[in-house]
Amino acid sequence: SLSVWPLMALVRDWRLSAGSPSGDAGRSAVMAGLLWMLSPMSWLVGTEIGSDPLGLLMALIVLWLCSRVAASPLPKPRPLLAAGALAGVLLGVRLPYGSLLLPVVHAVRAQAKAPGERRRTRRTLVACVVATMVPVAGWLGWQLWTDGGAFFEMAHLRLAAYYGNWTERVI
C-alpha cells in the first residue's frame, strides 16, 4: 500500500517534533510502516472500492504537509499550498472526504499565529484557497459536463447516505 510512506513520514516528523533523536524517530517510522503493512486494516483498505485507497493516500499526505506547517516555528507557504491543492483533488476523489480537510484549516491557523506572519498569511490563505479551488473547478467542470444537473442530485443522495443516520449502518 502506498499509504505507508506518508504514514511513516508522519510518525518520523511527530517523533522529531517531540524531541526524539533522529535515529529513534527513524526506527519509530519503520515500525509504524511495518505495523501498517502487516495489519489486516491495510489489506482491507486495499480491497475497498477504488477511491478509498487513493483517498487515504491523499488524506495522509495532506495531514503530513499540514503537520509540517503546524510544527514549524516559521512555517513556509509551499507545504500549505501543496496541501490545499491536494485537498481540492481529494474532494474530487470522493466527495464525503470533505471532513478530512480540517488539517488544512489548522495549518492556516498555525501559520497565522507565527510571529511576523500576518501580511504573508493573508497572501498564503488566498493562494491556498485558489490552490484548492483550481482542482475543484477542474473535476467539478468535468463532472457537470459529463453528467449535467444529475450530478447535484446524486451528490445530495450520496452525502445524505454517508452523513445520514449512522446508527442504521452500525446496528
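Visitor: What should I know about the numbering and the model?
Guide: Residues are numbered from 1 along each chain as its sequence is written. The model is predicted, so local features need pLDDT of at least 70 and side-chain atom pairs count only at pLDDT 80 or more, while totals for chains, interfaces and linings use all residues; side-chain values use heavy atoms, with hydrogens and water left out.

Visitor: Where is Ser3 found?
Guide: Helices and strands are DSSP runs, numbered from the N terminus: H or I of at least four residues for helices, E of at least two for strands. Ser3 sits in the segment before helix H1 (4–17).

Visitor: Is Ser3 buried or exposed?
Guide: Buried means under 20% relative accessible area, exposed means over 50%, and partly exposed is in between (1.4 Å probe, protein chains only). Ser3 has a relative accessible area of 3%, so Ser3 is buried.

Visitor: Which side chain makes a polar contact with the side chain of Ser3?
Guide: A polar contact is a pair of N or O atoms within 3.5 Å. Within protein, one must be able to donate a hydrogen and the other to accept it, and residues adjacent in sequence count only if both atoms are side-chain atoms. Here the partner is the side chain of Trp36, at 3.3 Å. Contact in general means heavy atoms within 4.5 Å. Leaving aside neighbours within four places in sequence, Ser3 is in contact with Trp36, Leu56, Leu57 and Leu60.

Visitor: How do I read a nonpolar core?
Guide: In soluble globular proteins, nonpolar side chains tend to be buried together. A nonpolar core is a set of buried Ala, Val, Leu, Ile, Met, Phe, Trp, Tyr and Cys residues joined through side-chain atoms within 4.5 Å. The largest one here has 23 residues; Val62, Cys66, Leu80, Ala83, Leu90 and Val104 touch the most other members. Helices H4 (51–71), H5 (77–93), H6 (102–113), H7 (118–147) and H8 (150–163) each supply at least two residues of this core. H5 gives the most, with seven residues.

Visitor: What is Leu80 in contact with?
Guide: Beyond its neighbours within four places in sequence, Leu80 is in contact with Val69, Val104, Ala107, Val108, Gln111, Thr124 and Cys128.

Visitor: How many aromatic pairs are there?
Guide: A pair of aromatic rings is described by the distance of the centres and the angle of the planes. Rings of Phe, Tyr and Trp (its six-membered ring) pair if their centres lie within 6.5 Å; planes under 30 degrees apart are stacked, over 60 edge-to-face, the rest tilted. The count is two. Trp139 and Phe151 are edge-to-face: 6.5 Å centre to centre, 65 degrees between the planes. Trp139 lies in helix H7 and Phe151 in helix H8, so the pair ties together parts that are 12 residues apart in sequence. Phe151 and Phe152 are also edge-to-face, at 5.4 Å and 70 degrees. Ring pairs link Trp139, Phe151 and Phe152 into a cluster.

Visitor: What is Leu95 in contact with?
Guide: Leu95 is found in the loop between H5 and H6. Leaving aside neighbours within four places in sequence, Leu95 is in contact with Trp139, Ala155 and Leu159. Leu159 has its place in helix H8. The C-alpha atoms of Leu95 and Leu159 are separated by 7.6 Å, yet the two are 64 residues apart along the chain.
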